Amino acid sequence: MSALKIKKGSTKHSAYNLRPTFSDVMEAHTLAVVVDNEAGVLARVIGLFSGRGYNIDSLTVAEIDHEGHRSRITIVTTGTPQVIEQIKAQLGRIVPVHEVHDLTVEGAAVERELALLKVTGTGDKRVEALRLADIFRANVVDSTLESFVFEITGTPEKIDAFADLMRPLGLSEVARTGVAALSRGQ
Amino acid sequence: MTRQMTGAKMIVQALKDQGVEVVFGYPGGAVLPIYDEIFQQNDIRHILVRHEQGAVHAAEGYARATNKPGVVLVTSGPGATNAVTGITDALMDSIPIVVLSGQVPTFMIGNDAFQEADTVGITRACTKHNWLVKDTASLSGTIHEAFHVATTGRPGPVLIDIPKDVQFASATYTPPQKAKTSHYQPPVKGDMEAITALVEAMEKAKKPIFYTGGGVINSGPAASQLLRELVESTNFPITSTLMGLGAYPGTGKNWLGMLGMHGLYEANMAMHDCDLMINIGARFDDRITGLVSAFSPNSKKAHIDIDPSSINKVIHVDIPIIGDVAHVLEDILKVWKARGRKTDKESLQSWWAKIEDWKKVDCLAYKQAGKSIKPQYAIQRLEELTRDHDRYICTEVGQHQMWAAQFLTFDDPNRWMTSGGLGTMGYGLPASVGVQMAHPDSLVINVAGEASWLMNMQEMGTAVQFRLPVKQFILNNERLGMVRQWQELLHGERYSHSWSEALPDFVKLAEAFGCRGIKVDDPADLDEAIKEMIAYDGPVILDCLVEKHENCFPMIPSGEPHNKMLLGEASTKDAIGASGAVMV
């Protein structure tokens with residue numbers, strides 16, 4: 001149909017933004033949701049995911065505008081393209097939600113996560129842990145004679161890789177923040 | 001001029017400023033200050049229900065019959081939890097309701113105080129939005145915002161939880177005009193590119209169909225008018241969901257009747273075989289689609305909906321249009337007329353010929369014979385004898401609801417109140433109370449089954465107290481008819497707990513409530529009984545004993561597509577596969 005030859009995404013609010021077909025392929029998407037920082041808003045977002053059976057792989061939230069009382073929630077979720085579209089539409093109709101951005105499809109984005117890893121040990125393992133930390137640009141933020149706490153920032157994959165290397169060297173505890181993300185450019 | 005007042009007074013003032021005339025409610029400890037204010041004024045009428053669920057259903061009936069938001073006032077704890085079923089019902093059917101609930105004082109929240117419940121937590125999933133107001137200064141603004149949210153975009157229920165100390169404290173009242181404008185402003189105009197694409201598809205369509213839903217009615221009377229104009233001028237056939245009955249007249253020449261699980265054969269066959277489906281304010285509910293993978297396999301589908309999350313939720317559509325039905329229909333008509341009012345008339349003629357063939361199946365046929373009243377016959381007689389009245393119909397949920405949808409004719413919107421999405425037994429009686437409040441001089445009938453009706457029968461007390469002459473037309477088969485029907489078809493005729501034993505004597509029950517009771521069990525006496533019910537100046541319970549084992553047909557068995565309809569008892573054998581039995 002000729003009238004349907006409209007460039008997808010050519011206008012922000014066009015219904016033609018929608019993906020064309022139902023597919024079974026699971027995709028991971030990073031969503032940035034700007035909300036009013038009011039009581040219960042995080043519960044609304046999480047309740048939407050649990051109530052409708054969507055996945056949350058990672059979730060971070062903090063107030064980003066103290067005067068305007070706005071918070072930014074970054075959610076990494078997995079689903080078929082249809083489910084991802086549903087999630088965005090469902091998020092969009094929550095009353096205190098101002099903006100929903102799909103950073104995975106809206107162009108390039110930077111994603112970063114911070115992790116703290118406690119590695120315990122002595123001797124060669126301790127030296128090796130410190131050497132690898134240097135390669136990964138992890139900082140030592142706490143130290144005893146038998147342990148380090150490393151602080152590392154990067155993509156979730158980089159943190160996974162660092163944690164995998166630390167495991168045989170005495171990794172005893174990990175704390176991760178979840179992903180924060182912003183689109184690249186202006 | 002700034003106006004200092006208590007929170008309780010502020011609530012009543014805000015309701016007045018929002019144009020509220022009626023509040024359905026039930027008092028309790030946490031709302032006493034509000035009730036004290038209600039006592040001292042005469043602008044807002046308070047209808048004392050007998051159970052908070054009844055208050056919400058009454059408000060729903062009122063809202064549907066007027067296109068205005070319904071208002072409910074309940075106390076904390078059990079008052080709020082009792083309202084949850086009604087609130088969920090309103091959410092599923094997109095009915096604008098504003099619920100005001102009392103809460104324990106702010107300094108006691110979280111202490112497991114007497115009649116404390118986490119009301120905003122409990123109702124978060126069943127409201128469009130809710131608020132806990134923690135200081136009186138923000139109370140009036142929140143109430144105005146609540147009315148805005150309930151009635152804007154896709155309508156729905158909202159709840160404001162108001163602690164008792166907030167009701168006692170004083171602050172400055174903000175009138176609606178001065179309230180902060182809400183950022184919640186869903187767009188109402190559809191995308192013109194998509195609308196043009198739809199018009200282009202309409203011009204070429206050989207087998208088009210309009211499939212309309214409750215969204216047309218929610219959009220207001222203008223939407224129904226525009227729909228009628230569009231149907232008349234294109235000569236496309238039209239079917240509707242349960243929620244959309246009345247948007248296009250039931251006596252209109254393009255009307256195919258309701259579609260779906262118990263919809264008409266011609267409507268479902270036309271949906272299955274069409275080449276262009278235009279969904280206007282419906283949501284591809286599972287009662288409509290049947291087996292999704294075989295749903296209308298060869299059609300291009302357009303979907304007009306104000307809620308973006310309804311698009312592509314169940315069925316992939318080719319032309320999605322996000323916007324308010326009235327606005328979008330206006331634009332469709334404009335574009336279609338500007339392009340020369342084109343349709344493929346020749347193909348339409350053969351499409352109509354095919355539809356006429358399907359109509360010949362006469363899928364609603366039944367035989368009234370013998371000494372017992374067939375439920376279909378009872379509803380048909382009700383239709384005959386009330387058709388010329390200024391009539392509003394409510395229903396409960398079950399077989400009688402489907403028969404009412406099949407056999408009653410609705411020529412106007414806002415005349416039909418039924419629980420569609422949630423399927424709430426006990427909806428009809430309180431809803432009829434709400435409708436009668438809105439239209440005191442009209443004939444308001446609740447078509448009921450005896451089991452559903454018993455679920456909220458306490459509301460007869462409300463009807464009697466407020467002199468609301470609601471007519472309770474109970475099709476009494478002494479069974480949970482729809483459950484029984486499924487057990488017959490799906491569970492080897494093992495009728496587990498689907499009969500109504502120890503039923504009350506409905507005539508005596510009516511007398512006990514102080515209204516009129518009529519009982520009828522002979523087809524020969526039916527007309528007289530209905531006439532007596534209509535003529536009586538006051539609420540009536542008509543106990544109409546009907547055939548006990550009548551099944552509701554036609555029926556699309558669960559897990560089957562539209563073209564696999566069951567038409568009568570003869571064709572039901574082995575009709576439902578094992579996978580279908582999983583679905584309800």
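Helices (H or I, at least four residues) and strands (E, at least two) are DSSP runs, numbered from the N terminus.

**View 1. B:Asn67 sits in a loop of chain B.** The loop lies between α3 and β4 (70-74) of chain B. Look at the backbone of B:Asn67. Its phi is near 60°. That is a positive value in a residue other than glycine.

**View 2. B:Phe553 and B:Pro554 are joined by a cis peptide bond.** Omega for this bond is about -5°. B:Pro554 also belongs to a loop. This loop runs between β20 (540-545) and α24 (578-582) of chain B.

**View 3. The model is predicted, and chain A shows how confidence is reported.** Local features need pLDDT of at least 70, side-chain atom pairs count only at pLDDT 80 or more, and totals for chains, interfaces and linings use all residues; side-chain values use heavy atoms, with hydrogens and water left out. Residues are numbered from 1 along each chain as its sequence is written, while chains are lettered from A and ligands numbered from 1 in the order in which they are written. The mean pLDDT (the predictor's confidence in each residue, from 0 to 100) of chain A is 90. In chain A, 88% of the residues reach 70 or more. Over residues 1-19 of chain A, pLDDT stays under 50. For that stretch the model has 43 contacts (heavy atoms within 4.5 Å) beyond four places in sequence. Where pLDDT is low, the predicted coordinates should not be read in detail.

**View 4. A:Glu128 and A:Arg131 form a salt bridge.** A salt bridge puts a side-chain nitrogen of Lys or Arg within 4 Å of a carboxyl oxygen of Asp or Glu. Here the closest N and O atoms are 3.2 Å apart. Both residues belong to helix α3 (residues 124-135) of chain A. They are separated by about one helical turn because they stand 3 residues apart in that helix. Over all chains, the count comes to 37 salt bridges.

**View 5. Domain 1 of chain A meets domain 2 of chain A.** The bounds (from an automatic or database domain assignment) are 24-102 for domain 1 and 109-183 for domain 2. Their C-alpha centres lie 28 Å apart. In the contact, 7 residues of domain 1 touch 7 residues of domain 2. Together the two domains of chain A bury about 470 Å² (accessible area, 1.4 Å probe, lost on being put together, summed over both), with 47% of it on carbon and sulfur atoms. On the domain 1 side, A:Thr30, A:Thr60 and A:Arg72 supply 60% of the buried area, more than any other three residues.

**View 6. Domain 1 of chain B meets domain 3 of chain B.** Chain B is divided into domain 1 (4-178), domain 2 (192-359) and domain 3 (375-545). The C-alpha centres of domain 1 and domain 3 are 30 Å apart. The contact takes 25 residues from domain 1 of chain B and 27 residues from domain 3 of chain B. These two domains bury about 2,000 Å² between them, 60% of it on carbon and sulfur atoms. B:Arg50, B:Arg64 and B:Ala65 supply 28% of the area buried by domain 1, more than any other three residues.

View 7. Across the interface with domain 3, the rule finds 0 salt bridges. The count of residue pairs in polar contact is 12. The largest share, 10 residues, comes from α3(B).

Conventions:
A polar contact is a pair of N or O atoms within 3.5 Å; within protein, one must be able to donate a hydrogen and the other to accept it, and residues adjacent in sequence count only if both atoms are side-chain atoms.
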